[in-house]
Structures are given as structure tokens and as C-alpha cells.
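Trainee: Hi! Could you walk me through this one?
Mentor: Happy to. Let's look at it together.

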Amino acid sequence: MTEDICIRCGKCCYCYVGAKKFKCRFLIKVGKDKYHCRIYANRLGTEVHKGFVCNHRMNSKVRYGGCPYDKFFLDAPMADSVPEVVQSLN
Ligand code: SF4
Ligand code: SF4
């Protein structure tokens, strides 16, 4: 599985606590609709919000709307509906 299909939208870099959505503290905007991870090489397993760690995109098994990885999870729920996540930009 190649990681270069990521379009760096940043949508998977959030976590959900109840109805509240929190942006990962390492996510920065670098252009119009483009985001960058400040700790990309060391991201996996790093705590990004209380109780949430960064996980590989292929492990989240949710859809983000527009993410190229969504095609692998056609029957999965949209991210906004599940208390999960935080993922890689790639
Ligand atoms: S890849 Fe992980 S650590 Fe980096 S910004 Fe996204 S959620 Fe945060
Ligand atoms: S993996 Fe998908 S949702 Fe996450 S930043 Fe890349 S394109 Fe966006």
C-alpha cells in the first residue's frame, strides 16, 4: 500500500469526544486546503489529545469524504459519526 495517495486535507487529524471535535495539536495549515504534520516521522502512537493517539490511516476504517483512502472502506461510517480517529496525513 502506497501512502502517496493522501491529498493532505487534514480531515483525519481530529478526534471526537462526544459531540466535540478536537484538532490534533501537531496539525498545521501550509496552504489553501493543505495541511502538514509537524511530527510526521514520529507520529504513530504519539498522544495527540487526551486519550487519543495517532494511528495509521488504514487502521481507522472510517470515511472522511474526499479522502482517497475512503475507497477501501465503502461500507464504513463517516468519521463525524464515530468517536474515533486521528490519523496520518499520508
Ligand atoms: S498525522 Fe497524526 S500526529 Fe500528525 S497531525 Fe495528523 S493526527 Fe496529528
Ligand atoms: S489520509 Fe485522507 S483524510 Fe487523511 S489527510 Fe490524507 S487525504 Fe486527508
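**A hairpin to begin with**

Mentor: Tyrosine 14 has lysine 23 in β2 as its bridge partner. Before we go on, this is a predicted model, where local features need pLDDT of at least 70, side-chain atom pairs count only at pLDDT 80 or more, and totals for chains, interfaces and linings use all residues. Residues are numbered from 1 along each chain as its sequence is written, while chains are lettered from A and ligands numbered from 1 in the order in which they are written.

Trainee: How many bridges join β1 to β2?
Mentor: Strand β1 (residues 14-17) and strand β2 (residues 20-23) are joined by 4 bridges and run antiparallel. Strands count as a pair if DSSP finds at least two bridges between them. Tyrosine 16, for instance, stands opposite lysine 21 in β2.

Trainee: And what does glycine 18 do in that hairpin?
Mentor: Glycine 18 takes a positive phi near 60°, in a hairpin with 2 residues between the strands.

Trainee: Okay, zooming out. Which elements does the protein chain have, and in what order?
Mentor: There are 1 helix and 6 strands, and from the N terminus they run β-β-β-β-β-β-α. Both kinds are DSSP runs numbered from the N terminus: helices are H or I with at least four residues, strands are E with at least two.

Trainee: What's the average pLDDT?
Mentor: The protein chain averages 84, and 86% of the residues score at least 70. pLDDT is the predictor's confidence in each residue, from 0 to 100.

Trainee: What share of the protein chain counts as buried?
Mentor: Of its 90 residues, 26% do.

Trainee: Which non-glycine residues have a positive phi, then?
Mentor: Aspartate 33 is one of them, with phi near 60°. Aspartate 33 lies in the loop between β3 (27-31) and β4 (34-37), and it counts as exposed because it has 11 other C-beta atoms within 10 Å. Lysine 61 has a positive phi too, of about 50°. Lysine 61 is in the segment after α1 (57-60) and is partly exposed, with 15 C-beta neighbours inside 10 Å.

Trainee: Where is methionine 78?
Mentor: Methionine 78 is also in the segment after α1. Leaving aside residues up to four places away in sequence, methionine 78 touches Val62, Arg63 and Gly65. Contact here is when two C-beta atoms, placed from the backbone, lie within 7 Å. Methionine 78 and valine 62 are 16 residues apart in sequence and 5.7 Å apart in space, C-alpha to C-alpha.

Trainee: Last one: which residues come nearest to ligand 2?
Mentor: Of the 14 residues around ligand 2, the nearest are Cys6, Cys9, Lys11, Cys12 and Cys67. A residue is near a molecule if its C-beta atom, placed from the backbone, lies within 6 Å of it.

Key:
Buried ≥ 20, exposed ≤ 12 C-beta atoms within 10 Å, placed from the backbone.
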